[in-house]
Amino acid sequence: MLILEGPEARHATRVLRLVAGDRAVVFDGAGVAVLTEVVGGRGERLDLRVLEAHTASRELPIAITVAPAVLKGDAMDALIRDATMLGAIAIAPLVTARTVVPARASASATVVERWRRVALASVKQCGRSVLPAIAAARPLDAVLRDPAWVDATRLILCEPDVSRGAATGPVDPSTLQGRVVVLSGPEGGWTPEEVALAIDLGWQPWTCSPLTLRAETAPIVALGILGWSAGR
């Protein structure tokens, strides 16, 4: 027997309008999902009977973390929604020299909680059972030097005219590690110093399109290419 309480129970009963006898897939956000049947409940509680494991896997064969510069307005919400939909395992926002959103605002608990709600809604919509980890925004220098990513394939997205030596086009899946981290810049792009520092620290510049993409679009295109390449 499973019991849903609080916001999830309200969503199930008031939005999805689940009643006794209805079936629903319930997941824990860490990859475990089960098919259930509603047996009762009221208010902010819903009682469910587990019928069977829900084994359909919709996760990418590699773990991709997207590390985007914090964007203004709805652009950040859209980026988090779409990155979740395309299989990102984590979203690690960062603050750069040209980030227009105040650092204090992008690291506040209220903002991070909103991002997590956006990701949760996207997970429900697309049928994943893994909820991406989302942390408060950090300074670019801390992200570039994060020891947790030393063994990952580390990519920094660059505009076509920023780094002439950047790799372009599809990624060779044989070169991908089990983990990939993708850095993407703000609306105003990276400064030359930021790109140089990233390369000095071992990040690989990558231009995933011959066109100049919007800040909220570039990481989504990159995620799609990486997911497709790994799936091959």
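In strand β10, T153, L155 and L157 point one way while R154 and I156 point the other way, and all are buried, where buried denotes under 20% relative accessible area, exposed over 50% and partly exposed in between (1.4 Å probe, protein chains only). The model is predicted: local features need pLDDT of at least 70, side-chain atom pairs count only at pLDDT 80 or more, and totals for chains, interfaces and linings use all residues. Residues are numbered from 1 along each chain as its sequence is written, and side-chain values use heavy atoms, with hydrogens and water left out.

- Strand β10 covers residues 153-157 and is mostly covered, with five of its five residues buried.
- Four bridges join β10 to strand β12 (residues 179-184) in the parallel sense; two strands pair if DSSP finds at least two bridges between them.
- R154 has V181 as its bridge partner in β12.
- A parallel pairing over three bridges also links β10 with β13, where P205 is the bridge partner of I156.

**The chain as a whole**

- Seven helices and 13 strands occur in the protein chain; helices (H or I, at least four residues) and strands (E, at least two) are DSSP runs, numbered from the N terminus.
- Of the 232 residues in the protein chain, 46% are buried.
- Among contacts (heavy atoms within 4.5 Å) with a separation of 6 or more, 74% are between residues 24 or more positions apart.
- The chain has an accessible surface of about 11,800 Å², of which 54% belongs to carbon and sulfur atoms, as given by the Shrake-Rupley method with a 1.4 Å probe; for residues, only the protein chains shown count as cover.

**T65, a residue of β5**

- T65 is located in strand β5, residues 63-68.
- T65 counts as buried because its relative accessibility is 9%.
- Apart from neighbours within four places in sequence, T65 contacts I89, A90, A92, W149, V180, V181 and V182.

**L213, a loop residue**

- The loop between β13 (204-207) and α7 (218-231) contains L213.
- L213 has 27% relative accessibility and therefore counts as partly exposed.
- Residues up to four places away in sequence aside, L213 touches C208, A218 and V221.
- A distance of 9.5 Å separates the C-alpha atoms of L213 and P160, which are 53 residues apart along the chain.

- M1 lies in the segment before β1 (2-5).
- M1 counts as exposed because its relative accessibility is 67%.
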